[in-house]
Amino acid sequence: MPAPFDRFTAAPPHRHMAATPPLRHSAMPAGQAQNLLNLKQFLKELELLVMPVECPGCGLHDVELCGECAQWLSGPLRRVEQQVPRLDDLSDNPLLPVWAVGEYTGPARGLVVSWKDRGREDLTTVFRKAAVTQLRHHRQSYLFPIVDAIVPMPSSGKSLRHRGRDHLAPVAKAVAAELQVPVVRVLSKRARRDQVGLSARARGEAVIRLRRSGKRLAPGRRVLLFDDVVTTGATLAAARDALGTQGCEVVGALVLAATPPRVKVEAVNSLQMLRTGHGENVSGWV
Ligand SMILES: [Zn+2]
């Protein structure tokens, strides 16, 4: 099968084949192709003027993601369960292993927020590549649990309507493909209604439950939870409890970013203030 013809960069093939009759419409004269190229360049520059793009990590203009900020997701995959304070308080199970692609602070926080809630859907590729690459490298050197399915942490209906998309879905799919297992959506999330007698912290937390309809996981299945950000770990713990009632074993969680311990957040903020002259209000534990 011949290589696909790129009309913008390659010379039309028939120009080198004198015996072949000229094609009527598929080839584009070189001058016309150049004009089209100029037009595309012009439109790109116009787009930057009308809708200026900037690096979500540092605000550098006219760059979708600068090299320095991209480094925050360059790995390696890290175990973070020791810095997730509420991971084990809903059950007597041992601490759940949690692997994180990056830290939810500094430029990485800007990346996640822009991707989730500020319309930077293009960053899906960045997170997908980072998660798959780091997971692959990690599994080449370290033990990783045997997994039968990826269960993404659910977004609430309100969040899905607000974003207009399930931002986690394409990344979960890529991670599952890397592990050669299916993505199974069995969890739902909703705001807590009965708040009597709960602490302020618990009132703010959502309820994670098994979906009443749809796919089910057979008892004994080994599950890897998948989420964008882990802060307290309460929702991961709730997911493990919910799946446990179905007889599934949650063997760990993979997250794109983990909130670091408060002391580290403050150190990163101070460093950023020194570099940029202004700080970012990054919360630590909540
Ligand atoms: Zn940047």
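Me: What makes β6, α8 and β7 a right-handed β-α-β unit?
Reply: A crossover counts as right-handed if, with the strands pointing away from the viewer, the path from the first strand over the helix to the second runs clockwise. β6, α8 and β7 make such a right-handed unit. Helices (H or I, at least four residues) and strands (E, at least two) are DSSP runs, numbered from the N terminus. Do keep in mind that this is a predicted model, where local features need pLDDT of at least 70, side-chain atom pairs count only at pLDDT 80 or more, and totals for chains, interfaces and linings use all residues. Residues are numbered from 1 along each chain as its sequence is written.

Me: How do you know that β6 and β7 pair?
Reply: Pairing asks for at least two DSSP bridges between two strands. β6 and β7 have eight, in the parallel sense, so they pair. In one of these, R222 has E249 of β7 as its bridge partner. β2 also runs parallel to β7, joined by five bridges, and G102 is partnered there with A257.

Me: Why is V132 called partly exposed?
Reply: Buried means 20 or more other C-beta atoms within 10 Å of a residue's own, exposed means 12 or fewer, and partly exposed lies in between, with C-beta atoms placed from the backbone. V132 has 17, so it is partly exposed. V132 sits in helix α4 (residues 124-141).

Me: What makes β7 largely enclosed by the rest of the structure?
Reply: Seven of its ten residues are buried, so β7 is largely enclosed.
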